Amino acid sequence: MTDLWDGISRAIWMVLSLDANLLEITLRSLQVTLTALVVASAIALPLAAFLSVRRFRLRRSVIALLNALMGLPPVVVGLVVYILLSRSGPLGVLGLLFTPTAMVIAQVIIIVPLIASIAHQSLRDLWAEYHDLLISMNVSQWQKITTLLWDARRALLTAALAGFGRAIGEVGAIMIVGGNIDNATRVLTTAIALETGKGDFALALGLGFVLIALAVLVNLAIHWLGRTEREGRW
Amino acid sequence: MKRLMAMMSAIVLATAAQAGDVMKLAVTTSFHNSGLSDVLLPEIQKDLGLEVQLLVVGTGQALKLGQAGDVDAILVHSRKAEDKFLAEGFGTHRREIMYNDFVFIGPDSDPAQISEADSAVAALQKIEAAKAPFVSRGDDSGTHKKELGLWSAADLDAGEFDGWYRAVGAGMGAALNTASGMNAYIISDRASWLNFGNKGDLALLYAGDPVLFNQYAYLPVNPDLHSHVKSDLVADLESWLVSDKAKSLIDTYKINGETLFTFNAK
């Protein structure tokens, strides 16, 4: 129990004293995860909309596959990305292993199925409402997709936040592809793993509380910026 | 919504720029956990203007990283594996830098009485005879290889032990955490032990047998195999590591008044 209190007071102290190291790894955590989130959303949201409006033969299988991949084990994703990016692997010439870019790639792979699955759920319901109207207006496939995405933006925000949640707390994959290098690829989660390994539970817990606070803050900020729960339905 | 998009792209675009010489060095967890790297790296940065990025892994993975060309050099402590690495042509040469030693850690009450053992091998035989809980790294690291070598020197096969022998497959710190939780015996390098913060009822029970000495060596990765390896920087770092300045920093590095490493580069 004393460790827990030590952790809390350590967290408060680190935040109040604006610890330079803490600031650096916190910003890196944010940078990696937000980049991954933007890239993943750019892939997953149009994909989800496409799956809602377009009927094709393998549609059900693709949806089922996306749902199943929501549980993709990060450590396996990390290992596969590692092997691909290693100097002796097929993409080795890019020299991306142990860089923040490699961490972004791993996180994108992990959260695309999650965002696409959740987004598809809400887009499908909206499509059921809009179907007759849009068909009668004889709009193009592209217009259908953009209309759906724009009108469902609040629900899509939830999908993106779920992706953010999974990515910011992830440690298995980014530890492998990032290497937890001080001043280069160390982020909050890998720093927590490192301090736990050293037996410094108070510092590890302190970093943990900072991570939780960060996740809450980002969620609040996005809700505020997106004005959820304030305007009409969408 | 537009404000949100603008903010997101601003954060994404704000990437940090990197400048100066950078090289990647794979080191063992025991070297990093000792805290010595925190003393040496800033000095290297100051003297050579070289940023050494450390990948802290087990010896097995360090060698693998060197083999694949994902790092520029490695600093490890497992003679047999190093010789094999060189024989297969993955490294250019091996330079001994310094040594520390392994120690036996266990519950303060010492149920297997290893503090009275007269050699490291005898200590292990006592643990086996008492069937006292023992935590093994089990991760193919230098420390793990050392432990397995000692078991076979004691005419015992670690593969045949039952419940009391726990291979955790983790780094030194995590393995020490496990041993602390189970009140088990464990073999650790002295540096990791001294720097470890969660000792609980554990204590240092046996040390000093010369077979427990742990030689660290620096192996540059072969640039013939991997043309992107920064051989110049690797050579700079090597000459710094064997310099008088490194010698005094290494020999005077202490935790709780105890010397950890002995410089022995030639």
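**Helices 5 and 7 of chain A**

I began with how helix 5 (residues 100-136) of chain A lies against helix 7 (residues 153-168) of chain A, in what is a predicted model. I found that their axes come within 8 Å and cross at roughly 155°. Angles over 145 degrees count as roughly antiparallel, so I noted helix 5 of chain A and helix 7 of chain A as roughly antiparallel to each other. The crossing of these two helices is right-handed.

I then listed the residues that meet. From helix 5 of chain A I wrote down Gln107(A), Ile110(A), Ile111(A), Leu114(A), Ile115(A), Ile118(A), Ala119(A) and Ser122(A). Across from them, helix 7 of chain A brings Ala155(A), Leu156(A), Thr158(A), Ala159(A), Ala160(A), Ala162(A), Gly163(A), Arg166(A) and Ala167(A). I recorded the classes in this contact as twelve nonpolar, four polar and one charged.

**Helices 1 and 10 of chain A**

Next I looked up helix 1 (residues 2-16) of chain A and helix 10 (residues 201-226) of chain A, whose axes cross at roughly 60° and come within 7 Å. Helix 1 of chain A and helix 10 of chain A are therefore oblique to each other. I noted a right-handed crossing for this pair.

On the side of helix 1 of chain A, the residues in the contact are Asp3(A), Leu4(A), Asp6(A), Gly7(A), Ile8(A), Arg10(A), Ala11(A), Met14(A) and Val15(A). Helix 10 of chain A meets them with Phe201(A), Ala202(A), Leu203(A), Leu205(A), Gly206(A), Phe209(A) and Val210(A). I recorded eleven nonpolar, two polar and three charged residues for this contact.

**Strands of chain B**

I moved to chain B and followed strand 1 (residues 21-28) to its partners. Strand 1 of chain B runs parallel to strand 2 (residues 50-57) of chain B, and eight bridges join the two. As one reference point I took Leu25(B), whose bridge partner in strand 2 of chain B is Leu54(B).

Strand 1 of chain B is also joined to strand 3 (residues 73-76) of chain B, by three bridges, and these two run parallel. Here I marked Val27(B), which has Leu75(B) as its bridge partner in strand 3 of chain B.

**Domains of chain B**

I checked the domain division of chain B: domain 1 covers 21-99 + 214-263, and domain 2 covers 102-212. Their C-alpha centres lie 26 Å apart. I found 18 residues of domain 1 of chain B in contact with 16 residues of domain 2 of chain B.

On the domain 1 side of this contact, helix 2 (29-33) and helix 4 (59-68) of chain B each supply at least two residues. Helix 2 of chain B gives the most to that side, with three residues. I sorted the domain 1 side by class into four nonpolar, 13 polar and one charged.

**Chain B against chain A**

Last, I looked up the contact of the two chains, which takes 28 residues from chain B and 25 residues from chain A. On the chain B side, helix 1 (2-13), strand 2 and helix 8 (172-182) of chain B each supply at least two residues. I noted helix 1 of chain B as the source of the largest share of that side, six residues. The side of chain B that touches chain A divides into 13 nonpolar, twelve polar and three charged residues.

How values were computed: Residues are numbered from 1 along each chain as its sequence is written. Chains are lettered from A and ligands numbered from 1 in the order in which they are written. This is a predicted model: local features need pLDDT of at least 70, side-chain atom pairs count only at pLDDT 80 or more; totals for chains, interfaces and linings use all residues. Two strands pair if DSSP finds at least two bridges between them. Helices (H or I, at least four residues) and strands (E, at least two) are DSSP runs, numbered from the N terminus. Two residues are in contact if their C-beta atoms, placed from the backbone, lie within 7 Å. Ala, Val, Leu, Ile, Met, Phe, Trp, Tyr, Cys and Pro count as nonpolar, Asp, Glu, Lys and Arg as charged, and the others, Gly among them, as polar. Axes are lines fitted to C-alpha atoms, for helices over the stretch in contact, and angles run from 0 to 180 degrees between N-to-C directions. Angles under 35 degrees count as roughly parallel, over 145 as roughly antiparallel, 65 to 115 as roughly perpendicular and the rest as oblique. A crossing is left-handed if the near helix is turned anticlockwise from the far one by less than a right angle, and right-handed if clockwise. Domain bounds come from an automatic or database domain assignment.
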